[in-house]
Amino acid sequence: MREKDTTSPTVMVIFGITGDLSRKKLLPALFDLEAAGLLPGKLRIIGFSRREWSSIEFISYVRGVLAARERQYHGELVEKFLKKFVYCQGLFADAHAYRRLGELIISIEKGAFKQCANKLYYLAVPPHFYEGIFRELALSGLTIPCGGDEGWARILVEKPFGNDVKTAKKLDELLGLLFKEEQIFRIDHYLAKEALQNLLAFRFSNALFEPVWNYKHIDKVFITLSETDTVGTRGEFYDSVGALKDVGQNHLLQMLGLIAMEPPKDVSGYAIRKERVQVLRALHGGVNPLAQYVMRGQYEGYKNEKGVDLKSTTETFFSVKAFVRNRRFRGVPFILTSGKALGEAKTEIVVCFKPPHHCSCRAKQIRCMHENTLTFRIQPNEGIDLRFWIKKPGFSNDLEEKHLSFSYAGSAEATRLPDAYERLLADALAGDQMLFTSTEEVQAAWRFIMPILKAWQNEPLVVYKKGTKGPVFEK
Ligand code: BG6
């Protein structure tokens, strides 16, 4: 599939080409794909934006973005790559702009390609522009595939997809007017992180773990996305969503889904998405749901960030307990924690196994506390760590903690891990939806999150100092 798609002519339209996402992620990812030979030979990337730029200004912007990257991009490859870019100026909800876009696409098809091309639309814009873009795309007819087997049309939509169940459904209805589900690629870039993709491979290829992957042996699971960065230049957007919607409803719940899902029937996108959604649908807040709602905080100085309301009650930190109502995981708490401006930048999943009933503990210990833990380090230092216990060498009978560790960076065959966006773009071109979220997943995630947000409205917000572990909650 991927092979076939790298040969068919494709036009990619990026709405919001001058935004943060395009600059930080999309343009570098596209270049890396080009360098790896994974982009279609016949490709044009149309940058769509509001800025009044000439083609020359646009190309020099793209060149500047690439040059500013850590790995310096020079020479022929960059110049060859830049030739693929075309600019289209316009407002996202202006019908005239879509007419111009259509003319541009036709001129590429008739001129450079001499045939009808695949079309990939990428919405790298704030969510309040989605509706306008969907509507104008629909009216313009630009989403109609060429026909037959040739010239598909697909759309990539960034998270957050909607703001709650209702708005997510409404967006889907609008999208449904344009595209079939198999043409819609809803992005949660966490799914495309190498270390997360490995989670399923690890779980289902090592028979050692399957017998203990359940409530009888697993005590609890910590899923943590801790960031040292503040909201930076995204204050206005962030203040309207908050941490739980920004990363909880999507990245953290998707990680939970991968830990808790049943083995898929096969490795197809259909089978894997089907199992992920079963977990999300089975989420609940436990027997005492209110106990989960109290953990929310805001970092000191947040209200003074650019674009943030001076009286903002938006959380920049949360910790939520979730349970999965299924046979495998009943009663096992999944503790989801995330925050900005914390002391450490790391994303990890720690599976804590129950301590043994009998172990070589000292008799006076009431309960043996020697837990095995299995840690999936999603970033940085991607890898896996198993904590176990041995007898401390020497004359005592004490136990000592040891680790079996795997790190991608330290492995003999260490290669550069592709960035999540490279994988997402490559998969969208190949038509593989495995690492994208289905409409059912998005809605199930909102269903779990909304009651928490509602209950939070009456809860105080704890202010925490930057560079710490987050808020300290009084018991
Ligand atoms: C994004 C959130 O989806 O994920 C950001 O909007 C967050 O607020 C980011 O910083 C984290 O992603 P990563 O890949 O940097 O861990």
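Biologist: How are H2 and H3 oriented to each other, roughly parallel or roughly perpendicular?

Modeller: This is a predicted model, where local features need pLDDT of at least 70, side-chain atom pairs count only at pLDDT 80 or more, and totals for chains, interfaces and linings use all residues. Residues are numbered from 1 along each chain as its sequence is written, and side-chain values use heavy atoms, leaving out hydrogens and water. Helix H2 (residues 20-35) and helix H3 (residues 55-67) pack at about 90°, their axes 10 Å apart. Since 65 to 115 degrees counts as such, H2 and H3 are therefore roughly perpendicular.

Biologist: And H6 with H7, roughly parallel or roughly antiparallel?

Modeller: The axes of H6 (residues 130-140) and H7 (residues 165-178) come within 9 Å and cross at roughly 20°. Angles under 35 degrees count as roughly parallel, over 145 as roughly antiparallel. So H6 and H7 are roughly parallel.

Biologist: Which residues of H7 make the contact with H6?

Modeller: Contact here means heavy atoms within 4.5 Å. H6 brings Tyr130, Glu131, Phe134, Leu137 and Ala138. From H7 come Lys170, Leu171, Leu174, Leu175 and Leu178.

Biologist: What distance separates a polar side-chain atom of Tyr190 from an oxygen atom of the ligand?

Modeller: Tyr190 is one of the residues around the ligand, meaning a heavy atom within 4 Å. For His251, a polar side-chain atom is 2.7 Å from a ligand oxygen atom, and Gln379 also has one at 2.7 Å. For Tyr190, the distance is 2.5 Å.

Key: Axes are lines fitted to C-alpha atoms, for helices over the stretch in contact, and angles run from 0 to 180 degrees between N-to-C directions. Helices (H or I, at least four residues) and strands (E, at least two) are DSSP runs, numbered from the N terminus. A polar contact is a pair of N or O atoms within 3.5 Å; within protein, one must be able to donate a hydrogen and the other to accept it, and residues adjacent in sequence count only if both atoms are side-chain atoms.
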